[in-house]
Amino acid sequence: SGKHKVAIVGSGSWGTALAKIAAENIASRPDDFESEVRMWVREKQVQGRNLTEVINTTHKNERYLPDIKLPKNLVAVGNLKKVVEGASLIVFVVPHQFLHSVLYEYQTPGVIHPGARAISAIKGVEVNGTDISTFASLIENKLDIPCSALSGANVALEVAREQFCETTIGCPTHDDSLLWHAVFHAKKFQVHAVEDVSGVSLAGALKNVVALAAGFVDGMKLGGNTKAAIIRIGLKEMAEFTAEFFPGSQASTFTNESAGVADLITTCTGGRNAKCAKDFIRSGRKWEEIERDLLKGQKLQGTATAEEVHNFLVSRKRTYGYPLFEQTYKIAFEGAPAEQLFDL
Ligand code: NAD
Ligand code: 13P
């Protein structure tokens, strides 16, 4: 038909919030987009019914984004391959630990439309020994389609409630930025494009490590001065890490864009990583137990990223360059006392 068809792969709290925005935008542009937006939902029983059926009849994701009305042109689909059938624009938004299994299914020839484009809204990095890469480049390499990155100060529930905010899209070409801007830009969700896929991706991944440190500060019952210090040092390490290992990226993504400083602020005050890290210090429980108890099926991203970044820095013999990341890792995984956060 020549019209774009959008698919959302993932339907947790962020996947559902992004799907809502895309489906609402698309409904008002019938000349450019096919109105149905499919969203992949990992089937689950909710009050004795399939989650896909619940979403498609109540137009709410009762499991991950309750009380938010979803547009009727957003359709939940339980089959991973069916969701991308004929799709020209594919949004990846599963928690980062599940991306590999999704891409495995999509590598079967004929599943992904050859002219398709992708965008990743996943916050995390891919580490393999001494190699590190973004999920955008992983998607690009595995599926042979261009992939952009979307990241910003975007706590899902606040976005879904249509509270004003901004986001950043990092795109490989100007054409990609025009398309993704058309899919996501809204009055209450201002999209700003930069030509920096790796900077946007790394900002989103590394802020989750700093969020753990910020949660440790809360756990120790320290105040705003300490939190601000951790945010400043964290932002500096995030930008330096990205400049060192992703040389084509732009420092301005960290200082000027929502994906940088703004996401760090919201995540260190209202995010799930910070909330769980506070509990880790107060309760002394294990991460898995805290995640289960406080997030109720939603996923913690910062602990895995802290571990992956640590392993990568060890393999490159560069741990001493990133003391805040390192102390955060030691407190989270090696039983170091919380006070060690300030041995920087
Ligand atoms: P979530 O934390 O709400 O996790 C729930 C999702 O994980 C559900 O869709 C569930 O079906 C899925 N899931 C659970 N087990 C699975 C499995 N074995 N295989 C595949 N899927 C499984 O998810 P989210 O908040 O949408 O997070 C997705 C990404 O978006 C993350 O990388 C996160 O950092 C990022 N993000 C989240 C927010 C937010 O506020 N929630 C904001 C910005 C970015
Ligand atoms: P949490 O995963 O810590 O809740 O952060 C959400 C987020 O990425 C806000 O932009």
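Around ligand 1 lie 22 residues, of which Trp 14, Lys 123, Ala 156, Lys 299 and Gln 301 come nearest; a residue is counted here if one of its heavy atoms lies within 4 Å of the ligand. The model is predicted, so local features need pLDDT of at least 70 and side-chain atom pairs count only at pLDDT 80 or more, whereas totals for chains, interfaces and linings use all residues. Residues are numbered from 1 along each chain as its sequence is written, chains are lettered from A and ligands numbered from 1 in the order in which they are written, and side-chain values use heavy atoms, with hydrogens and water left out.

By class, the shell around ligand 1 consists of 10 nonpolar, eight polar and four charged residues (nonpolar: Ala, Val, Leu, Ile, Met, Phe, Trp, Tyr, Cys and Pro; charged: Asp, Glu, Lys and Arg; polar: the others, Gly among them). Helix α1 (residues 13-27) gives the most to this shell, with three residues; helices are DSSP runs (H or I) of at least four residues, numbered from the N terminus. Polar contacts are pairs of N or O atoms within 3.5 Å. An oxygen atom of ligand 1 is found 2.7 Å from a polar side-chain atom of Gln 301. Backbone atoms also take part: a polar backbone atom of Ala 156 is 2.8 Å from a ligand 1 oxygen, and a backbone N or O atom of Ser 13 is 2.9 Å from an oxygen atom of ligand 1. On its own, ligand 1 has 840 Å² of accessible area, of which the protein covers 89% (Shrake-Rupley method, 1.4 Å probe).

The residues around ligand 2 include Lys 123, Asn 154, Lys 207, Asp 263, Thr 267 and Arg 272. Its shell has two nonpolar, five polar and four charged residues. In the side chain of Asp 263, an N or O atom lies 2.7 Å from an oxygen atom of ligand 2, while a polar backbone atom of Asn 154 is 3.0 Å from a ligand 2 oxygen. For Thr 267, a polar side-chain atom is 3.5 Å from an oxygen atom of ligand 2. Taken alone, ligand 2 exposes 310 Å², and the protein buries 92% of that. The elements giving two or more residues to the shell around ligand 2 are α11 (258-270) and α12 (272-283).

Helix packing was also examined. The axes of α14 (residues 302-315) and α15 (residues 323-333) come within 9 Å and cross at roughly 120 degrees, the axes being lines fitted to C-alpha atoms over the stretch in contact, with angles from 0 to 180 degrees between N-to-C directions. Helix α14 is therefore oblique to α15 (under 35 degrees is roughly parallel, over 145 roughly antiparallel, 65 to 115 roughly perpendicular, and the rest oblique).

Terms used. Polar contact = N/O pair within 3.5 Å; in protein donor to acceptor, adjacent residues only side chain to side chain.
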